[in-house]
Amino acid sequence: MEDFLMSMSVIRAAEIKIAEAKKNGLIKGPVHLGVGQEAIAVGVSKNLRNTDRIFGAHRSHSHILGVDNDLHKLFAEVLGRNTGFSAGMGGSMHLASKSKGFLGSVPIVTGTVPLALGAGLASKLQKSGDIAISYLGDGATEEGVFHESLNFARVSNIPILFVVENNLFSSHMHMSLRQPLNTINRFAKAHEIETKLVDGNDVLEIYRTSSEFIRRMRLKPEPYLIEAITYRWFGHVDWREDIDVGVARSKKDLLNWKKRDPIKRLSDAMINNKIWTIENQNTLDSKVDELIDENWEKALKDDFPDRKSLLDNVFKYD
């Protein structure tokens, strides 16, 4: 369980560092932060192997760090340095680590869902035993391609796990203003896909649920869906806890969700069960702080991409 705690703490600290840098103007592009949602990616990632095919969305720092803990590459990417995950060209929303199975994240809502579906189909045809993971938010379930993907996954028995991070907000709009119910798993049931609704702030529940689904998928190709209920502490984009574009989030709700902090919950449970101590926690926190500072300073010293490379990957039609 210490491994879970360490992974979540690193992701949390990395995003807090990115939030501060964005606020201070060091990061020029937008950053979409998932502080408060760390348990989901960590719980799922502990069951994955490098040959699995993983796809994120636009809020995917946790997803890539769950399988590739190279903080230097993440920091370099958001700072626009050529040593980043995408050579400084992608920023916060275009991340990839092919060697670890993370094949991409994009800002287009549901843009990677059919890509994950295709990767899962390829795995099935190759009989590799590998699986596909598609991370998406509750807002993405309102796009038609999501439902098309569920249907195709079921009728073709594709080994794909849809992981819906239901934080109740699609960008700036609460789920109650968008859907008649506040849960997503009904869509999986409509397509005869086995699904489970879990506490998205309980890393052990997520780990156990994804472990069982993934074990079955490796033995027999078929889709599954996990809906994890969680809450992002920051607004839709950047460092503010507010109240994006005038749409008020309840301060009381935010405070209540912070009491369900997945990191503190696990740490407290370990301490209460006498397998962890406050001293252990302080040591871990210090180690995380050192990792963050060391990799951030290293990334700051890296070079920007050569200007000549700016047009290398731009399509031009004459």
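Tutor: Helices and strands are DSSP runs, numbered from the N terminus. In this predicted model, S97 lies in the loop between α4 (71-78) and β2 (102-104).

Student: Is S97 buried or exposed?

Tutor: Buried means under 20% relative accessible area. S97 has a relative accessible area of 6% and is therefore buried. Apart from neighbours within four places in sequence, S97 is in contact with I64, D68, F85 and F102.

Student: Turning to helix α10, which of its residues are buried?

Tutor: In α10, which spans residues 262-272, the buried residues are P262, I263, L266, S267 and M270. Because these residues cover an arc of only 130 degrees around the axis, they sit on the same side of α10. They pack against α1 (2-23), α2 (38-45), α8 (203-219) and α11 (278-300).

Student: What caps the N-terminal end of α10, and which residue with positive phi follows the helix?

Tutor: The cap is D261, with a side-chain oxygen 2.9 Å from the backbone nitrogen of I263, while α10 is followed by K274, whose positive phi is near 60 degrees.

Student: How many cavities of 30 Å³ or more are there, and which residues line the largest cavity?

Tutor: A cavity is a set of points where a 1.4 Å probe fits but cannot get out. The count is 2 cavities of 30 Å³ or more, and the largest has a volume of about 40 Å³. Its lining consists of G56, A57, V106, I108, T110, G111, T112, V113, Y135 and L136, which by class gives 6 nonpolar, 4 polar and no charged residues.

Technical notes: Residues numbered from 1 in each chain as written. Predicted model: local features only at pLDDT ≥ 70, side-chain atom pairs only at ≥ 80, totals over all residues. Heavy atoms only, no water. 1 Å grid on protein atoms, 1.4 Å probe; cavity = no way out; pocket = protein on both sides within 12 Å on 5 of 7 lines; lining within 4 Å. Points joined across faces, edges and corners; volume = space filled by probe spheres on them. Nonpolar A, V, L, I, M, F, W, Y, C, P; charged D, E, K, R; others polar. Buried < 20%, exposed > 50% of the residue type's maximum accessible area, 1.4 Å probe, protein only. Helix = DSSP H or I, 4+ residues; strand = E, 2+ residues; numbered from the N terminus. Arc of directions from axis to C-beta. Contact = heavy atoms within 4.5 Å. Polar contact = N/O pair within 3.5 Å; in protein donor to acceptor, adjacent residues only side chain to side chain.
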